[in-house]
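Try each task before you read its solution.

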Amino acid sequence: MQAEKTSLPSYQYLKLSNGETYAYQQAGDPKSDILLLLHPLTSSSLLFSHCIPSLAAGNFHVIAPDLRGHGNSSYNTPIKAIDDLVEDIKLVLDALELKRLSMLGC
């Protein structure tokens, strides 16, 4: 039996104004509706790797960041409250100049 070929995700990086560096995957037409995928704690954007291509083919521009301290993102300042992650995501959206989007998280 031949093993299924898979490709590793390609990451892009944003240096945020709070000193953190966020890694994220993205796929799809940038002119399409934006879908932001947020992984649960103790995970990373790899959780969504299997569905990102399908969502992108379904007319979404998919963005899936690794939260601070997860996956390929930095952890320069410890997280003290969930508000720290909320502020990070706001900085990501500002850096990518995203105003309107749908969000899916778990």
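**Exercise 1. Find which residues Asp 88 touches, setting aside residues up to four places away in sequence, and decide whether Asp 88 is buried or exposed.**

Solution. Keep in mind that this is a predicted model.
- Step 1: list the neighbours. Once residues up to four places away in sequence are left out, Asp 88 touches Leu 16, Asn 18, Tyr 22 and Arg 68.
- Step 2: Asp 88 sits in helix H2.
- Step 3: check the accessibility. Buried means under 20% relative accessible area. Asp 88 has a relative accessibility of 0%, so it counts as buried.

**Exercise 2. Describe helix H2: how many residues does it have, which of them are buried, and what do those pack against?**

Solution. 
- Step 1: take the length. H2 covers residues 82–95, which is 14 residues. From its first C-alpha to its last it reaches 20 Å, close to the 20 Å expected at 1.5 Å a residue.
- Step 2: pick out the buried positions. In H2 these are Leu 85, Asp 88, Ile 89, Leu 91, Val 92 and Leu 93.
- Step 3: recall the helix geometry. Because an α-helix has 3.6 residues a turn, residues three or four places apart point the same way.
- Step 4: find the packing partners. The buried residues of H2 pack against strands E1 (12–15), E2 (21–27), E3 (33–38) and E4 (60–65).
- Step 5: look past the end of the helix. Just after H2, Glu 97 has a positive phi of about 55°.

**Exercise 3. Work out where Ser 74 lies, whether it is buried or exposed, and what it contacts beyond four places in sequence.**

Solution. 
- Step 1: locate the residue. Ser 74 belongs to the loop between E4 and H2.
- Step 2: compare its accessibility with the 20% cut-off. Its relative accessible area is 16%, so Ser 74 is buried.
- Step 3: list the contacts. Apart from neighbours within four places in sequence, Ser 74 is in contact with Glu 20, Thr 21, Arg 68 and Gly 69.
- Step 4: join this to Exercise 1. Arg 68 is a contact of Ser 74, and Asp 88 touches Arg 68 too.

**Exercise 4. Step back and describe the fold: what is the order of its elements, and how compact is the protein?**

Solution. 
- Step 1: count the elements. The protein has two helices and five strands.
- Step 2: read them along the sequence. The pattern is β-β-β-α-β-α-β.
- Step 3: Buried residues make up 37% of the 106 residues.

Terms used:
Residues are numbered from 1 along each chain as its sequence is written. This is a predicted model: local features need pLDDT of at least 70, side-chain atom pairs count only at pLDDT 80 or more; totals for chains, interfaces and linings use all residues. Side-chain values use heavy atoms; hydrogens and water are left out. Buried means under 20% relative accessible area, exposed over 50%, partly exposed in between (1.4 Å probe, protein chains only). The expected span of a helix is 1.5 Å times one less than its number of residues. Contact means heavy atoms within 4.5 Å.
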